[in-house]
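Subject: Structure for you to look at

Hello,

Here is the structure I said I would pass on. Please open it first, then read the notes below it.

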Amino acid sequence: MAEGNPWEEQLIADVRANGGRPSDGPLKGHPIGIMWTTGAKSGEQRRSIVTASKDGTDYVIAGTNGGSDVKAPAWVANIKANPKVTFEAEGTTSEATAEEVTGPERDRLWASHVAQLPWFGKYEEQITSRTIPVVRVRRSA
């Protein structure tokens, strides 16, 4: 699986050394997941570092793309094309299925995501021309 830039590599090492939460830097304490998807166009493995909340045993991630008002992150298109992913969180890596959630369930998961990770609330004010995708990641049994 492809390596990223040195900052990403250091962040991932810190996350892995600290049970899924970085101990330093701008993401200190955030619950971080690492997701590998299959590129929708390229078919190649793509790695994304995501902030994840929990819904029971599932993980929830939001496609804020750093606050972009016009474009969802590429991993959203990747999971639509191929929902089978590899997901690492809380010290465990496993195969999973990632699915964009819509309607009332999307709204419920978004509200829960913001309740668990309050800084995500600012994205609703910042992103006005698109609905923020909300994705449920369910690990395989």
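**What was found**

Apart from its neighbours within four places in sequence, G4 is in contact with E9 and R47. Please keep in mind that this is a predicted model.

G4 itself lies in the segment before α1, the helix at 6-17. Its relative accessible area is 28%, so it is partly exposed, because that label covers values between 20% and 50%. The C-alpha atom of G4 is 9.8 Å from that of R46, although the two residues are 42 apart along the chain.

Now the chain as a whole. The protein chain has 4 helices and 6 strands. Their order along the sequence is α-β-β-β-α-β-β-α-α-β. The radius of gyration is 14 Å, close to the 14 Å that the globule rule gives for 141 residues, so the protein chain is as compact as a globular protein of that length. A box of roughly 35 × 35 × 30 Å, taken along the principal axes, holds its C-alpha atoms.

Of the 141 residues, 43% are buried. Among contacts with a separation of 6 or more, 61% are between residues 24 or more positions apart. The chain exposes about 7,500 Å², and carbon and sulfur atoms supply 50% of that area. As for charge, there are 17 positive and 18 negative charges, and their mean positions are 2 Å apart.

Next, a residue in a loop. Is H30 buried or exposed? H30 has a relative accessible area of 13%, and it counts as buried because the cut-off is under 20%. H30 sits in the loop between α1 and β1, the strand at 32-38. Leaving out residues up to four places away in sequence, H30 touches G20, R21, P22, T51 and W119.

Two backbone angles are worth a look. Most residues other than glycine have a negative phi. N65 is not a glycine, yet its phi is positive, at about 50°. N65 is in the loop between β3 (58-62) and α2 (74-81), and with 35% relative accessibility it is partly exposed.

E90 also has a positive phi, near 50°, and is a residue other than glycine. Where is E90 placed? E90 is in the loop between β4 (84-89) and β5 (92-101). At 48% relative accessibility, E90 counts as partly exposed.

Regards

Methods
Residues numbered from 1 in each chain as written. Predicted model: local features only at pLDDT ≥ 70, side-chain atom pairs only at ≥ 80, totals over all residues. Heavy atoms only, no water. Helix = DSSP H or I, 4+ residues; strand = E, 2+ residues; numbered from the N terminus. Rg over C-alpha atoms; globule rule 2.2 N^0.38 Å. Buried < 20%, exposed > 50% of the residue type's maximum accessible area, 1.4 Å probe, protein only. Contact = heavy atoms within 4.5 Å. Areas by Shrake-Rupley, 256 points an atom, 1.4 Å probe, with all protein chains shown as cover. Lys, Arg positive; Asp, Glu negative; His and termini not counted. Charge placed at Lys NZ, Arg CZ, Asp CG, Glu CD.
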